[in-house]
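Please look over the structure below before reading on.

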Amino acid sequence: MPLILETIVTTLSPEGELHLVPFGLIAEDDATVLAPFRPSPTIRNLEASPYFAASSPRDVRVIAGAVTGRRDWPTLPCDAIPGRRLADSFGHAEYEVAAVEEDATRPRFRGRTRHVAAHAPFIGYNRAQGAVLEAAILSTRLHMLEPAKVLTEMAYLAIAVAKTAGPREREAWGWIEDKVAAALGPEARIFGREDR
């Protein structure tokens, strides 16, 4: 299994509009691979402008927000490529697409690193942040997974949120819980709104 890093990827549309989305980047030999499923604005953007930036957000709400329709997060210009990157991040990397492996379902864009920068010290992990990340990924697979599996996993992840979340993590969890409950029904809600 390859190493996959969960990041926020930014690309530019042919019209110059920013697209910000959570993505797992695949570390493969000397390349970083971005493999979006069709249809995808990211694919359209990379075909028009073969550059992308990947940022490690300091605030987990960026990931939860992006999967629940909240994509308006502050960005800054990239240093070595045309585009923008997440402003509030531990660090970011900028890539130029060096090769494309075409596929009808999931093309693979092999990125060559053009620039890497650290922006803030990383002190340690928070279990609630990890739980929000996993719940965010689950929420993008509601059409693929059995509801019972989603509910079981959400219940397990909620333990870490209950024990270790700060205000940002609770808000992020609430956004995801709202999305899951909208798809699967109110019984999918683990915390009441007053518990967030």
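This is a predicted model: local features need pLDDT of at least 70, side-chain atom pairs count only at pLDDT 80 or more; totals for chains, interfaces and linings use all residues.

Residues are numbered from 1 along each chain as its sequence is written, and side-chain values use heavy atoms, with hydrogens and water left out.

Reader: Are the axes of α3 and α5 roughly parallel or roughly antiparallel?
Author: The axes of helix α3 (residues 127-139) and helix α5 (residues 167-184) come within 10 Å and cross at roughly 20 degrees. Axes are lines fitted to C-alpha atoms, for helices over the stretch in contact, with angles from 0 to 180 degrees between N-to-C directions. Angles under 35 degrees count as roughly parallel, over 145 as roughly antiparallel, 65 to 115 as roughly perpendicular and the rest as oblique. The crossing angle therefore makes α3 and α5 roughly parallel.

Reader: Which elements cover the buried residues of α3?
Author: Buried residues (under 20% relative accessible area; exposed is over 50%, partly exposed in between; 1.4 Å probe, protein chains only) of α3 are Ala128, Ala131, Val132, Leu133, Ala135, Ala136, Leu138 and Ser139. Their cover includes β1 (3-12), α2 (61-67), α4 (147-164) and α5.

Reader: Is His19 buried or exposed?
Author: His19 lies in strand β2 (residues 18-28). Leaving out residues up to four places away in sequence, His19 touches (heavy atoms within 4.5 Å) Val9, Thr10, Thr11, Pro41, Thr42, Asn45 and Arg71. Because its relative accessibility is 16%, His19 counts as buried.

Technical notes:
Helices (H or I, at least four residues) and strands (E, at least two) are DSSP runs, numbered from the N terminus.
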